[in-house]
2 protein chains.
Amino acid sequence: MDLNDIRAEINEVDKQLQELFSKRMELCGKVADYKIANGLPVFQKDREKQIIANVTEGAPEGLQGATRVYFQTMMDISKCLQYRKMFDNTGFIPFKKLDLSGRHRVAVPGTFGSYNHIACSELFEDADTMFFDNFEEIFKAVSAGAAEFGILPIINSTAGSVVQTYELMRQYDFKICAQAKLKISHCLAARKGVRLEDIHDIYSHEQALRQCSDLINRGAYKAHSFSNTSLAACYVKESTEPCAAICSEKCAEDLGLEILRRSVQNAAENYTKFILISHETFKADNADTISVCLALPHQSSSLYRLLTKFSVAGLNMTMIESMPIANTEFDVMFYLDFKGDIGKKEVTTLLSELSHELSYFKFLGNYKEV
Amino acid sequence: MDLNDIRAEINEVDKQLQELFSKRMELCGKVADYKIANGLPVFQKDREKQIIANVTEGAPEGLQGATRVYFQTMMDISKCLQYRKMFDNTGFIPFKKLDLSGRHRVAVPGTFGSYNHIACSELFEDADTMFFDNFEEIFKAVSAGAAEFGILPIINSTAGSVVQTYELMRQYDFKICAQAKLKISHCLAARKGVRLEDIHDIYSHEQALRQCSDLINRGAYKAHSFSNTSLAACYVKESTEPCAAICSEKCAEDLGLEILRRSVQNAAENYTKFILISHETFKADNADTISVCLALPHQSSSLYRLLTKFSVAGLNMTMIESMPIANTEFDVMFYLDFKGDIGKKEVTTLLSELSHELSYFKFLGNYKEV
């Protein structure tokens, strides 16, 4: 048989499959109407299990696995359509329009010239900054209303996700309302008069130390970790020892430190993304990205089946990150970003569906990705 | 219409769908035979695009997204079956049987009493340990054949993935051949005679510092990061200042340090997993987990479609982690673990398929998960 003949046959089969698929979805719509009218749950585990068992058993040798995935996916798609009916006019998330112009109180880790502070000045024309020593105080200030906004690093292109920010995101109530991205170029700075060859100790934030590990290993420096690069620079300024800080050039200049070497990070292309958080839900008009946090059941293919939902809704996932949950034996929480706007129905339906189906689900904000 | 009537109709539709699905897969098998005979590639992008465009266009209003996912998944399933034919008798990965009994040279980060050293003694009865200051030297020693095996931490249940290990895994050639898991309980240790109230400085590895952040924040201690907990303890032993180390109790005892406080980590349930690496591929008889590393195309639903392959093969993914690739603007590499044995055909077929389809794919080992 020639390839074109086989393909013609496949086309014929596909036509019939498409008709039957549409018919099945229509029938499922009727089931949904019935369930809504009678207050029944969309997902009926036993019925689904039964169907999978029947079709897998009836499948030809070698096609069992394929048939199982085929029917499971089809039923997952049909569930999405049923939820679409169920959550048709619910699930709207109230939000206020984001406006960063004018004067705002912003909680910022570190001090003047910290990368967080630089990111803050990229977002606000006129920020009334409140500086804090560590990340948890930023969440506390925002939760308690002491600050309208807070800024935090979330990921660096060399050192990876900022685990501490993720851990706190699970613990506090807040929404992400904006993002900033900085190209990070660290310098090595010391008190005026201190010579490079006399330096044995380097102070900085652990992420910055990791981004500059080549310099530290080559020079066999002793690395000391501070809660922030700018606070490390302040320490170096006050110290009487011949030591240096890894910090931004701006920070070194502001403090009157001497820049001994510029661009000391391992990778020339070194970026950090920051999130702007608030207690209320604010959304910019051009918001295009949604962040959520969720737990998945301990079942094979639970991630696959979650992604079916995004695919059916036509929403593109742009990031997935699993983070261990502290004080458990490697239980994980998933953090996902996808493209979308909470003003759109397909988004609110999906969010309703996820919060309805999953044991833990949290909407973390809708903002413009940079 | 009553629920049972609708369901009876659905059952009827499902029966027809199953027949047509089996028929389509059979026809695809013929296509595969033709392609193999004529040396054509399994994936023909244009043909697939055309089918998706046709069926989406012909779909009823509101069913376009669902129809697209339905056909895309069906074609992905059929590709898996075609690859199964293509890679039927290829893709075998040669391996030697893992045997950790007897004496072996093992590269271990840190020194006596480091957590890596404790993990090493859980795996080997009689290890000839070679200690190294940093993780990269472990990979180098194993690559160069200076050590038969090397041990490295890979993830901690509080502090997350060990980013540095992941980064090095991409750069060096090696295979994971075993795993060890330790319950980690840190102590605060100082030279004999040093009092807790005189301590302002704490030395340890950055992961251990992060696991003990509550202690450090409450006491407003200055944290100093060392490449290893045991090397930090050695430093504290030699120091003339009143400082302390965060390390294992074994390490403190071995060095003759005084344990000022036990179990100082934030979380009572605190575990670290270690990997044992080798230059050759070794596999234990009870190996049940496979690790791979891969890059995905910058396309919506590329992760979803990757997971379709695992689902069809009936192989359960147990871990997924995305890590930024240094010196790029947030390009990521995916690390996946799944249950399986490279002695089984469904596994070698999937591995062949992945290495054939993806621009970057690396098999990292097959070992017993603990």
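Predicted model: local features only at pLDDT ≥ 70, side-chain atom pairs only at ≥ 80, totals over all residues.
Me: Why are strands E9 and E11 of chain A said to stand at the edges?
Reply: Five strands of chain A form an open sheet with mixed pairing, in the order E9-E8-E10-E7-E11. Strands E9 (222-226) and E11 (258-261) of chain A each have a single partner strand, so one side of each lacks a neighbour in the sheet. From one strand to the next the twist averages 35 degrees.

Me: How do you know that strands E8 and E10 of chain A pair?
Reply: Two strands pair if DSSP finds at least two bridges between them. Strand E8 (residues 201-205) and strand E10 (residues 243-248) of chain A have three bridges, in the parallel sense, so by that rule they pair. Tyr203(A) stands opposite Ala245(A) in E10(A).

Me: Which strands does helix H9 of chain A lie across?
Reply: Helix H9 (residues 229-238) of chain A lies across E7 (186-190), E8, E9 and E10 of chain A, and runs at about 150 degrees to E10(A). Such angles run from 0 to 180 degrees between N-to-C directions, with axes fitted to C-alpha atoms, for helices over the stretch in contact; contact means heavy atoms within 4.5 Å.

Me: What makes strand E12 of chain A mostly covered?
Reply: Buried means under 20% relative accessible area, exposed over 50%, and partly exposed in between (1.4 Å probe, protein chains only). In strand E12 (residues 271-278) of chain A, eight of eight residues are buried. Tyr271(A), Lys273(A), Ile275(A) and Ile277(A) point one way, Thr272(A), Phe274(A), Leu276(A) and Ser278(A) the other, and all are buried.

Me: Which strands are joined to E12(A), and by how many bridges?
Reply: Strand E4 (residues 149-156) of chain A runs antiparallel to E12(A) and is joined to it by seven bridges; Asn156(A) stands opposite Thr272(A). Strand E6 (residues 175-183) of chain A is also antiparallel to E12(A), with eight bridges, and Lys175(A) has Ser278(A) as its bridge partner.

Me: What area is buried between chain A and chain B, and which residues of chain A supply 8% of its share?
Reply: The area is about 8300 Å², of which carbon and sulfur atoms give 63%. Tyr70(A), Tyr304(A) and Phe330(A) supply 8% of the area that chain A buries against chain B, more than any other three residues. Buried area is the accessible area (1.4 Å probe) that two parts lose on being put together, summed over both. In the contact count, 94 residues of chain A meet 94 residues of chain B.

Me: Why is the pair Asp14(A) and Arg24(B) called a salt bridge?
Reply: The term requires a side-chain nitrogen of Lys or Arg within 4 Å of a carboxyl oxygen of Asp or Glu. For Asp14(A) and Arg24(B) the N to O distance is 2.6 Å, so the pair qualifies. The rule finds four salt bridges across the interface of chain A and chain B.

Me: What does the salt bridge between Glu369(A) and Lys339(A) tie together?
Reply: The closest N and O atoms of Glu369(A) and Lys339(A) are 3.0 Å apart. Glu369(A) lies in the segment after strand E17 (361-367) of chain A and Lys339(A) in strand E16 (residues 332-339) of chain A, so the pair ties together parts 30 residues apart in sequence. At 22% relative accessibility Glu369(A) counts as partly exposed, and so does Lys339(A) at 30%. Both belong to a network of salt bridges that links Lys273(A), Asp288(A), Lys339(A), Lys368(A) and Glu369(A).

Me: Why is Glu48(B) called buried, and what is its salt-bridge partner?
Reply: Glu48(B) has a relative accessible area of 10%, so it is buried. Its partner is Arg305(B), with the closest N and O atoms 3.3 Å apart. Arg305(B) is in helix H11 (residues 302-313) of chain B and Glu48(B) in helix H2 (residues 45-58) of chain B, 257 residues apart.

Notes: Residues numbered from 1 in each chain as written. Chains lettered and ligands numbered in written order. Heavy atoms only, no water. Helix = DSSP H or I, 4+ residues; strand = E, 2+ residues; numbered from the N terminus.
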